[in-house]
Amino acid sequence: MCGRYAASRRPEDLVGLFAVDRWEPEETLEPDWNVAPTKRVHAVLERPLKDSGDPRPVRQLRPLKWGLVPSWAKSPDVGVKMINARAETVHEKASFRRPFAQRRCLLPADGYYEWVTGAAERQLEEQGRRKRARKQPYFVTPADGSVMAMAGLYEFWRDRTLPDDHPRAWWVTCTVITTEAEKEPLAGAGDGPGPRSLAEIHPRMPLVLTPDRWSAWLDPARTDPADLRELLAPPPPDLLRAYPVGTAVSDVRNNGPELVTELDGPEVGTLF
């Protein structure tokens, strides 16, 4: 799954990396090393500019709220349950099939966090000696230090309790598409301790799109589900690496570049 990630790139850098044509500096978000659901995140998308009269799509960098609220939802509260959409069923689920066909985006990230419960911790929990097993966080990031582009969807929701001219009358929310975690060896995985594949950390992972798929994914003219599903293939092997980080990231109130600092080994016992 993807329930927390880091996004510290400056908008100016994202504009160049993703060939963005339109970005409003007043919409700039601060670097965030502990992005959690319901936070605002940067997203790259293509759609006509509002009130421009020009129907041609323009590639934009926009702030969206993480947690997709379907257009037909009675309340935005459902968004917290819609932070992820499964690649295998995104084309058929009522909450996601329309945005999958019409409103796709890329969510830039440095990488994402995933938590692992070690065997010793599970044993203590089973014996009743620990109420809640401690978990070791891992940070998964491109091995070459490049930006991670997670496949996403976005949607518009109208708050009917507010007048049309109210600045919060419309919500624009998003979700991260996930896929089955890779079983191939991680970049740099050796024979020592630590996970050898993403599947050893968690059975799901965000769908990471390589640059050769960005334009096709963002193109709003592509609406055929069968055609779009071909873009949902997982990234090539050796693209990502994973390493343990401090447990401070487990508290969403903590933030800063120290959260992605690589540790020599896990803080929470032996895991693998």
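Trainee: What does A19 count as, going by its relative accessibility?
Mentor: Buried means under 20% relative accessible area, exposed means over 50%, and partly exposed covers what's in between (1.4 Å probe, protein chains only). A19 comes in at 49% relative accessibility, so it counts as partly exposed.

Trainee: What kind of model is this?
Mentor: Residues are numbered from 1 along each chain as its sequence is written, and side-chain values use heavy atoms, with hydrogens and water left out. Local features need pLDDT of at least 70, side-chain atom pairs count only at pLDDT 80 or more, and totals for chains, interfaces and linings use all residues: the model is predicted.

Trainee: Back to A19: where does it lie?
Mentor: Helices (H or I, at least four residues) and strands (E, at least two) are DSSP runs, numbered from the N terminus. The phi of A19 is near 50°, a positive value in a residue other than glycine. A19 lies in the loop between α1 (11-17) and β2.

Trainee: T38 has a positive phi too, so I hear; what is its value?
Mentor: Most residues other than glycine have a negative phi. T38 is found in the loop between β3 and β4, and it counts as partly exposed at 42% relative accessibility. T38 isn't a glycine, yet its phi is about 85°.

Trainee: In what order do the five strands of the open sheet run?
Mentor: Two strands pair if DSSP finds at least two bridges between them. Here the pairing is antiparallel. The edge strands, each pairing on one side only, are β3 (32-35) and β13 (240-244). Put together, the order is β3-β1-β8-β9-β13.

Trainee: How many bridges pair β8 with β9?
Mentor: β8 takes in residues 111-117 and β9 residues 135-142. V116, for one, has Q136 in β9 as its bridge partner. The two strands pair in the antiparallel sense, and the bridges number six.

Trainee: Why does the pair of F100 and W217 count as tilted?
Mentor: Rings of Phe, Tyr and Trp (its six-membered ring) pair if their centres lie within 6.5 Å; planes under 30 degrees apart count as stacked, over 60 as edge-to-face and the rest as tilted. The centres of the F100 and W217 rings are 6.2 Å apart and their planes are at 55°, so the pair is tilted.

Trainee: How far apart in sequence are the parts that this F100 and W217 pair ties together?
Mentor: F100 is buried at a relative accessible area of 1%, and W217 is buried at 0%. F100 lies in helix α2 (residues 97-102) and W217 in helix α4 (residues 214-218), so the parts tied together are apart in sequence by 117 residues.

Trainee: Which residue's charged end sits over the ring of W217?
Mentor: A charge sits over a ring if NZ of Lys or CZ of Arg is within 6 Å of the ring centre and within 35 degrees of the ring normal. Here the charged end is 5.7 Å from the centre of the W217 ring, and it belongs to R104.

Trainee: Which strand gives the most to the lining of the largest pocket?
Mentor: On a 1 Å grid over the protein atoms alone, a cavity is a set of points where a 1.4 Å probe fits but cannot get out, and a pocket is an open set with protein on both sides within 12 Å along at least five of seven lines; lining residues have an atom within 4 Å of a point. The largest pocket is lined by 25 residues, with E27, R62, P167, W170 and V172 nearest its centre. Six residues of the lining come from the strand that gives the most, β5.
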